[in-house]
Amino acid sequence: MKVHTLSIPGLLLIEPRDDQDPQARFTYFFDQREFARAGLPVDFVQEHGSRYRPAGTLRGLHAQRGPGEQIKLVRVANGRVNDVVVDVRQGSPTFGRHETVELSAANRRMLLVPVGLAHGFCTLEPDTEVVFRLTNYNDRETQCGLLWNDPALGIDWPCGDEPAHIFDMDRHWPTLADYPPAFRFPAQPTTVPRADASPD
């Protein structure tokens with residue numbers, strides 16, 4: 001497993017370990033021992049997948065405030081996405097900045113999204129399935145969001161201004177200027193993974 005730090009504090013790109021022989025490939029998407037050695041969270045409580053038929057489907061930008069705050073480990077089981085996170089932690093040196101990563105079934109990369117980052121994506125292929133492993137249960141009562149096309153964010157979405165499909169809830173999140181101060185930087189040490197270990 002290789003762990004790469006990105007430009008937003010706490011945001012990590014993970015390349016899982018593969019074992020291969022001429023007939024097969026075995027990929028370890030989660031190994032509690034390796035995650036623990038790297039200082040990554042191991043107390044995941046829920047995993048779910050979401051599948052989207054049309055390419056150009058847009059989701060986001062989502063987060064959960066306390067007490068439902070959660071760390072997300074995101075990967076793609078089928079297809080490809082343009083994955084986007086925005087730092088909405090008050091006091092963060094990268095507040096309001098975003099990072100974009102392509103995740104796909106082919107590259108098998110995973111994104112570890114810490115507490116206080118709003119997350120979204122645009123599907124790049126039909127029938128794309130995104131898988132989320134979470135340190136807290138999904139909870140509609142604590143769900144919050146950021147408007148995906150807020151000009152202040154400067155996100156260059158591959159679906160442009162007119163996604164092939166967007167869910168109604170994602171049309172009505174507040175802009176960054178109106179976003180409630182739900183997260184502070186730094187978060188508690190127990191909820192933010194260390195980014196100082198890159199085991200192979």
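These legends accompany views of a predicted model of one protein chain.

**View 1. Overall fold of the protein chain.** One helix and 14 strands make up the secondary structure of the chain. Its radius of gyration is 16 Å, close to the 16 Å given by the globule rule for 200 residues, so the chain is as compact as a globular protein of that length. Along the principal axes, the C-alpha atoms fill a box of roughly 50 × 40 × 30 Å.

**View 2. Burial, surface and contacts of the protein chain.** Of the 200 residues, 48% count as buried, with buried meaning under 20% relative accessible area. The chain exposes about 9900 Å², and carbon and sulfur atoms supply 46% of that area. When contacts between residues at least 6 apart in sequence are taken, 80% of them join residues at least 24 apart.

**View 3. The largest pocket and its centre.** The volume of the largest pocket is about 440 Å³. It is lined by 19 residues, of which H48, R59, H62, N138 and Q143 are the closest to the centre.

**View 4. Strands that line the largest pocket.** Two or more lining residues come from each of β5 (46-52), β6 (57-64), β11 (117-123) and β12 (128-134). Strand β6 gives the most to the lining, with four residues.

**View 5. Residue classes in the lining of the largest pocket.** The lining residues divide into nine polar, six nonpolar and four charged.

Notes. Residues numbered from 1 in each chain as written. Predicted model: local features only at pLDDT ≥ 70, side-chain atom pairs only at ≥ 80, totals over all residues. Heavy atoms only, no water. 1 Å grid on protein atoms, 1.4 Å probe; cavity = no way out; pocket = protein on both sides within 12 Å on 5 of 7 lines; lining within 4 Å. Points joined across faces, edges and corners; volume = space filled by probe spheres on them. Nonpolar A, V, L, I, M, F, W, Y, C, P; charged D, E, K, R; others polar. Rg over C-alpha atoms; globule rule 2.2 N^0.38 Å. Buried < 20%, exposed > 50% of the residue type's maximum accessible area, 1.4 Å probe, protein only. Contact = heavy atoms within 4.5 Å. Areas by Shrake-Rupley, 256 points an atom, 1.4 Å probe, with all protein chains shown as cover.
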